[in-house]
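Biologist: Could you walk me through this fold, please? I would like to start with the overall layout and then turn to some residues and pockets.

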Amino acid sequence: MGVPRQQARGNTYRAWVTLRTDPTPRDETPRHHRLKGALAHGTHRGRTCEQWQIEVTGGGRIWYLADTSRFTCWITFAGTGHPRATDH
């Protein structure tokens with residue numbers, strides 16, 4: 001992943017576990033939620049999916065598409081800096 005494990009090893013591991021066990025939680029939190037507006041959905045291989053975000057660190061984020069019908073997540077962004085796409 002793009003978020004350096006050395007900088008946030010524990011948080012990165014917890015994000016990975018979350019992606020594997022509860023990628024679309026019923027109760028969203030400020031650190032784990034569905035993206036809004038034009039970013040709320042994304043497409044992977046012709047399938048439209050909900051797009052979610054996990055805040056790994058203050059600026060570090062993981063964005064992913066949740067393909068619930070296939071029980072699969074597709075990472076669309078992972079980085080230590082806040083994604084510019086949300087700066088509207």
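Predicted model: local features only at pLDDT ≥ 70, side-chain atom pairs only at ≥ 80, totals over all residues.

Biologist: In what order do the elements of the protein run from the N terminus on?

Modeller: Happy to start there. The protein has one helix and five strands. Read from the N terminus on, the order is α-β-β-β-β-β.

Biologist: Is Q51 buried or exposed?

Modeller: This residue lies in strand β3, which covers residues 47–55. Buried means under 20% relative accessible area. Because the relative accessibility of Q51 is 7%, Q51 counts as buried.

Biologist: Which side chain is joined to that of Q51 by a polar contact of 2.7 Å?

Modeller: Leaving aside neighbours within four places in sequence, Q51 is in contact with R34, L35, L39, A40, H41, W63, Y64, L65 and T76. A polar atom of the Q51 side chain lies 3.0 Å from the backbone oxygen of L39. The side-chain partner in the polar contact of 2.7 Å is T76.

Biologist: Does I75 count as buried, partly exposed or exposed, and why?

Modeller: I75 is found in strand β5. The partly exposed class lies between the buried cut-off of 20% and the exposed cut-off of 50%. With a relative accessibility of 45%, I75 therefore counts as partly exposed.

Biologist: How far apart are the C-alpha atoms of I75 and W52?

Modeller: Along the chain, I75 and W52 are 23 residues apart.

Biologist: Is P30 buried or exposed?

Modeller: P30 has its place in the loop between α1 (9–21) and β1 (32–34). Exposed means over 50% relative accessible area. Since P30 has 71% relative accessibility, P30 counts as exposed.

Biologist: What is the C-alpha to C-alpha distance between P30 and I54?

Modeller: In sequence, P30 and I54 are 24 residues apart. For the protein as a whole, 33% of the contacts between residues at least 6 apart in sequence join residues at least 24 apart. From C-alpha to C-alpha, P30 and I54 are separated by 8.8 Å.

Biologist: Which elements give two or more residues to the lining of the largest pocket?

Modeller: The largest pocket has a volume of about 290 Å³. Its lining has 13 residues, and L19, P23, F71, T72 and C73 lie nearest the centre. Two or more lining residues come from each of α1, β4 (61–67) and β5 (72–79).

Biologist: How many nonpolar residues are in the lining of the largest pocket?

Modeller: Sorting the lining by class answers this. The largest pocket has three polar and two charged residues in its lining. The nonpolar residues there number eight.

Biologist: Which element gives the most to the lining of the second largest pocket?

Modeller: The second largest pocket has a volume of about 160 Å³. Its lining residues are N11, R14, A15, T18, T29, R31, H32, I54, E55 and V56. Two or more of them come from each of α1 and β3. With four residues, the element that gives the most is α1.

Conventions:
Residues numbered from 1 in each chain as written. Heavy atoms only, no water. Buried < 20%, exposed > 50% of the residue type's maximum accessible area, 1.4 Å probe, protein only. Polar contact = N/O pair within 3.5 Å; in protein donor to acceptor, adjacent residues only side chain to side chain. Contact = heavy atoms within 4.5 Å. 1 Å grid on protein atoms, 1.4 Å probe; cavity = no way out; pocket = protein on both sides within 12 Å on 5 of 7 lines; lining within 4 Å. Points joined across faces, edges and corners; volume = space filled by probe spheres on them. Nonpolar A, V, L, I, M, F, W, Y, C, P; charged D, E, K, R; others polar.
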